[in-house]
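Hi,

Here is the structure I said I would pass on. Have a look at it first, and then read my notes below.

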Amino acid sequence: MEEYKVTVATGTSEYSGTNNYIYVTLVGENGQSERTILDNPGLDFCRGAVDEYKVCSPAPLGPLLLVRLEKQRYWVEDNWFCRYVTVEPPGGGIALTFPCYRWLIGDVKVEIREGTAKRLCDDTSLQLLAHRKAELQERQTIYRSYCMEHWKEDWFFGYQCLNGSNPRMIQRCKELPGNFPVSGDMVQGSLAPRTTLDKELKAGNIYLIDYAIMDGVPTNVIRGKPQYIAAPLCLLYEHPDQGLIPIAIQLGQTPGLDTPIFLPNDPPLAWLLAKIWVRHSEFQVFQLLSHLLRTHLLVEVFCVATLRQLPAVHPVYKLLAPHLRYTLEINCRGRTQLVSADGIFKRVVSTGGEGLLVLSQREYKVLTYRSLQPCWDFQQRGATTLKDYFYREHSLMLWDAIHSFVSGMISVYYQCDSDVVEDPELQTWIKDIAEEGFVDVPTFGLSNELKNKAELVTLLSVAIFTSTAQHAATNNGQFDWCAWVPNTPCTMRHPTPTDKDAVTMEMIMDSLPDVSQTCLEMAITWHLGRPQPDAVPLGQYPEQYFTEPQAQEVIDRFRKELKDIEEHILSQNQGLELPYLFLLPSRIENSITI
């Protein structure tokens with residue numbers, strides 16, 4: 001048995017230490033050591049600690065290639081910053097240093113190399129060459145400049161309307177709105193050969209995004225300087241070769257000489273600025289309405305009603321509890337830190353302050369129960385046939401899986417419709433949701449009583465789908481789309497252009513967020529969009545509220561269905577230049593916690 005002396009150094013900054021399990025495996029040319037838990041008497045891996053351990057191998061490892069570190073959760077998640085590892089071979093030879101200098105977050109495995117710098121041509125070991133390649137591939141999936149390279153291109157603009165952080169706005173345009181006087185001649189150059197705007201409207205290939213809800217919203221003042229907003233209309237065309245592309249943009253709801261219609265054949269900077277203004281409106285709508293109101297605050301209604309009206313032993317309480325975990329806590333933080341009078345939105349977003357309240361109130365008053373159900377939502381918007389609408393396809397798969405899961409669970413405890421009708425706690429619960437949670441929504445469309453199992457199953461499916469898949473769709477990609485700030489600016493510092501020929505690069509730069517606003521937008525979208533260290537994936541229930549075998553069988557079927565969806569999505573994304581993985585079940589959190 002060969003014995004190696006291993007030294008592990010923990011970081012010196014605050015919170016660098018960990019109470020999680022740490023394992024090490026030494027990898028040499030001739031094999032691997034035993035996977036060894038690093039555990040000395042007393043506390044290990046304290047801030048600034050340099051701890052020594054013994055690691056055994058049944059045979060000599062030969063020249064050491066890698067040190068494999070693994071961190072596993074112990075009770076609660078606790079990140080760890082490792083500075084370096086040193087390894088002294090048997091017999092007291094020269095110790096080798098393996099620099100790490102990185103955070104280990106979550107249940108994670110990392111492999112680190114000895115500290116000597118090596119160019120590609122210096123590596124002769126096939127194992128080290130493979131490690132070098134795998135390291136870069138992993139980093140390239142995390143650190144992507146896709147957005148920065150393609151944000152000016154029309155196809156990329158259209159792609160984000162389908163699969164960006166706000167994929168619920170696009171709708172089929174059967175006839176042009178009266179306040180958007182686009183003529184066929186204006187857009188003829190953007191259409192496929194031998195067709196016209198009228199033909200494409202009739203064929204169902206013209207789509208519209210209308211930000212009328214932004215019209216007249218009060219604007220923010222940041223450091224004494226007024227900020228600006230717009231209420232654009234954007235016409236898009238599903239081109240047979242180019243995919244979905246924008247073909248006309250009007251930056252206000254009232255046409256006129258000061259509100260021109262921007263076109264792809266306009267001066268390039270004018271067309272670019274028009275698209276930037278649309279994307280700026282997109283930031284406001286997706287953060288405040290699609291994300292905050294339609295997921296966070298909506299699920300809060302279910303959370304409060306469940307806590308108020310259902311005892312912990314009730315099957316619906318047990319079903320919902322894992323999907324309501326931490327939601328009240330994060331919503332309270334959002335109210336005090338994000339959308340408060342002195343919060344981040346007031347400091348950096350053009351609708352911060354009074355504007356976000358007005359905007360949210362407008363959306364709240366037109367919110368409908370049907371729009372929260374994917375099948376109805378896509379039909380209502382006429383968006384059932386759009387190609388490469390991955391958000392739609394994945395949403396419908398997840399909705400079906402969740403609906404089937406909920407139906408199975410409810411059938412364990414409610415044999416017939418009368419069981420639902422005659423459950424007084426359940427009826428008080430729905431009354432709380434309808435009359436307290438959505439009391440000021442005249443067109444919401446949710447009854448204050450449950451008449452059958454089907455209504456209960458649909459309502460619970462809405463709650464779970466919204467707190468999982470829908471939140472993931474709007475939250476998880478926001479850093480990808482917003483980190484390159486010109487693609488989705490949080491504010492604009494100059495009014496919309498009134499003369500297409502007068503747009504300059506200086507005007508664009510003066511309109512975009514300044515350096516401090518840019519940095520804050522990047523920071524907040526990273527913080528909100530990043531995977532949480534203690535995230536629980538969809539369908540995983542570490543807190544086992546249900547103990548009955550029948551319920552466990554339903555949960556197992558749900559997990560199997562989610563696994564099949566995961567494999568389908570991964571297969572579908574193979575070879576795609578721009579993969580859509582925000583609704584991969586393993587990346588969907590079981591509740592809204594951020």
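**Pockets and cavities**

The second largest pocket has a volume of about 1100 Å³. By pocket I mean an open set of points on a 1 Å grid over the protein atoms alone, with protein on both sides within 12 Å along at least five of seven lines, and lining residues have an atom within 4 Å of a point. Grid points are joined across faces, edges and corners, and a volume is the space filled by probe spheres set on the points.

Before I go on: this is a predicted model, where local features need pLDDT of at least 70 and side-chain atom pairs count only at pLDDT 80 or more, while totals for chains, interfaces and linings use all residues. Residues are numbered from 1 along each chain as its sequence is written, and side-chain values use heavy atoms, with hydrogens and water left out.

Back to that pocket: 41 residues line it, and His296, Ile330, Asn331, Arg333 and Gly334 are the closest to its centre. Helix 6 gives the largest share of the lining, eleven residues. Helix 8 (327–338), helix 10 (354–366) and helix 18 (515–529) are also among the helices that supply at least two residues each. (Helices are DSSP runs of H or I, at least four residues, and strands are runs of E, at least two, numbered from the N terminus.)

There are also four cavities of 30 Å³ or more, a cavity being a set of points where a 1.4 Å probe fits but cannot get out. The largest cavity has a volume of about 130 Å³. Of its 13 lining residues, Arg294, Ser371, Leu372, Tyr391 and Gln470 are the closest to the centre. Helix 6 turns up again here, supplying at least two lining residues, as do helix 11 (374–380) and helix 15 (453–475).

**Cores**

The largest nonpolar core has 127 residues, and Ile170, Trp429 and Ile433 have the most contacts inside it. Helix 6 (residues 268–309) brings the largest share of this core, 20 residues.

Leu446 sits in the loop between helix 14 (424–437) and helix 15. Its C-alpha atom is 8.9 Å from that of Ile433, 13 residues apart along the chain. Leu446 touches Ile433 as well as Tyr369, Ile430, Ala434 and Leu459, leaving out residues up to four places away in sequence; contact means heavy atoms within 4.5 Å.

Ser461 is part of helix 15 and is buried, at 0% relative accessible area. Leaving out residues up to four places away in sequence, Ser461 touches Trp399, Ile402, His403 and Val406.

Five strands make an open antiparallel sheet in the order 10-11-14-15-16, where two strands pair if DSSP finds at least two bridges between them. Strand 10 (171–172) and strand 16 (261–262) are the edges, each with a single partner strand, so one side of each has no neighbour in the sheet. Gln171 has Leu208 in strand 11 as its bridge partner. Helix 6 lies across strand 15 and strand 16, at about 95° to strand 15; axes are lines fitted to C-alpha atoms, for helices over the stretch in contact, and angles run from 0 to 180 degrees between N-to-C directions.

Cheers

Technical notes. Core = buried A, V, L, I, M, F, W, Y, C linked by side-chain atoms within 4.5 Å. Buried < 20%, exposed > 50% of the residue type's maximum accessible area, 1.4 Å probe, protein only.
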